Amino acid sequence: MPIIETHNLHKVYRSNGAAVHALRGVDLQVEPGEFVAVMGPSGCGKSTLLHLLAGLDLPTEGEVFVDGHPVHALSESRRAVLRRRTVGFVFQAFNLIPNLTVADNVDLPGLLAGRAPVDVARERDRLLERLGLADKKTTFPGQLSGGEQQRVALARALINHPTVLLADEPTGNLDTRSGTEVLNLLRQFHQEGQTIVLVTHAPKVASFARRVVFMRDGRFVSEMALPEPGDASRILAELLSIA
Amino acid sequence: MLTYALLGLLAERPRHGYDLKKAFEAMLGGTWQVNIGQIYSTLARLERDGLVVSHKQPQELLPDRKVYALTDQGRQALQTWLAQAQIPPARLKVDFFLKLLLARRSGLADGCALIWQQRQTLMQSIAELTPLLQRPRDDEHRLLAEGLLFHLEADLKWLERCEEAFCVGSKEQGQEARSDRVASSDPPPRPDRHLPTTNY
Ligand SMILES: Nc1ncnc2c1ncn2[C@@H]1O[C@H](COP(=O)(O)OP(=O)(O)OP(=O)(O)O)[C@@H](O)[C@H]1O
Ligand SMILES: [Mg+2]
């Protein structure tokens, strides 16, 4: 059974009289363990879609099921629970809480979910270690580089073992090197079974996924599977001989 | 091209033909195989033109082999070539564009489908190249991959324009404002506006 399923998803924003049709009938299915990228130009509706998947907003029409929950039909408080337990979210702008330490930022969703503090702390230490942030526990977000902040955000998103990890331009504010680092981490978590949906306008970023869905003007227009990362010499040869 | 590659490799040190073949191939990550015959014919021409000289090197048990070295004249030719700016090649995908135009005129194929298919092909290449970005920043093959990636990204961007022009549909409300935005080349992604500061 798909872990994410949307049917005919529409979203119309109304801002001072004008209607913006941000989604025009999106059908998305994501199987457990998939790493899917939704790629499309600015304004095509990627963030809108991700927000509907996370229950941060409600569709104007259509249905969203995440891990069997009908997100479109849940109350705000039930959606808040869903966001805590079922989805992890990574934003372009990191969105860490500036006056909490790294450890406290990561712990917060765990504690809010009602888990035992010792469990949360153990999990957090494991994640921070894994993400190369073991020595940053007592640091505040403002003292970290962008790449480090995004890795903290990743730890925070994963602390409750979410069924799906949603990432909105997670490398949009990062230089190439830290961006690649974050994408490699996503790939590693995917290889360990984490389901991931990433949205981006950048082909290189999307290329880390195993399936890419192309979006335009609020619709999906085509999709493809991507190869397992392998030997690049074939493609170098091919492109060089054309060039 | 091969001519100057051989001159360049000989500027490093004198080499024999097979050594040149191996060095050339290694330089491009094994992506270009050259025929040894082509190496020897190029060397012969260079020697005739006075850009390289050869001398016989005796080998135990094996026949003598020719070792080639750069002459002053060869060094000068290489220097001149290196100093020349490269004329930018027009890399627009003419064949593809022709298909697109003819699909529209003949009505025998869906231009929009061609665009999507082309995009998938480019994405496939990008996905195959990105592993090279893991290599150290001064790695020569990584640099090569980065160059190719920039081209592929530009091609993808252009396909977005083609898509606008060729793919009908979604011309409903809100389109006018949008097309301006897409047309202005690569707007940076806007930071999310309507988000809570935390995700829980
Ligand atoms: N809260 C809102 N109120 C009004 N219009 C909105 C709102 N959020 C998004 N939109 C509009 O909906 C459309 C889709 O926006 P969305 O943010 O989903 O695009 P996106 O694909 O994420 O773009 P980007 O790559 O720039 O982040 C745009 O036209 C945008 O202006
Ligand atoms: Mg967005």
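Modeller: Start with helix α1 (residues 2–12) of chain B and helix α2 (residues 17–27) of chain B, which pack at an angle of about 105° with their axes 10 Å apart. Angles from 65 to 115 degrees count as roughly perpendicular, and α1(B) and α2(B) are therefore roughly perpendicular to each other. As for who touches whom, α1(B) brings B:Leu2, B:Ala5, B:Leu6, B:Leu9 and B:Leu10, and these meet B:Leu20, B:Ala23, B:Phe24 and B:Met27 of α2(B). Sort the residues of that contact by type and you get 9 nonpolar, no polar and no charged.

Now for the sheet in chain B. Its 3 strands form an open sheet, ordered β1-β3-β2, with antiparallel pairing. β1 (15–16) and β2 (52–57) of chain B sit at the edges with a single partner strand each, so one side of each has no neighbour in the sheet. Strand β3 (residues 65–70) of chain B is joined to β1(B) by 2 bridges, and the two run antiparallel. If you want a pair to find on screen, look for B:Arg15, which stands opposite B:Tyr68 in β3(B). Helix α3 (residues 36–48) of chain B packs on this sheet, where it touches β2 and β3 of chain B, and its direction makes about 115° with that of β2(B).

How far should you trust all this? The model as a whole scores ipTM 0.86 and pTM 0.80. For chain B, the mean pLDDT is 79, and 79% of its residues reach 70 or more. The stretch to watch is residues 170–200 of chain B, where pLDDT stays under 50, although the model has 57 contacts there beyond four places in sequence. Where pLDDT is low, the predicted coordinates should not be read in detail.

β4(A) runs parallel to strand β9 (residues 195–200) of chain A, joined to it by 5 bridges, and A:Met39 stands opposite A:Thr200 in β9(A). β4(A) also pairs in the parallel sense with strand β10 (residues 211–216) of chain A, over 4 bridges; there, A:Ala37 has A:Val212 as its bridge partner.

Conventions. Residues numbered from 1 in each chain as written. Chains lettered and ligands numbered in written order. Predicted model: local features only at pLDDT ≥ 70, side-chain atom pairs only at ≥ 80, totals over all residues. Heavy atoms only, no water. Pairing = 2+ DSSP bridges. Contact = heavy atoms within 4.5 Å. Axes fitted to C-alpha atoms, helices over the stretch in contact; angles between N-to-C directions. pLDDT = per-residue confidence, 0-100. Parallel < 35°, antiparallel > 145°, perpendicular 65-115°, else oblique. Nonpolar A, V, L, I, M, F, W, Y, C, P; charged D, E, K, R; others polar.
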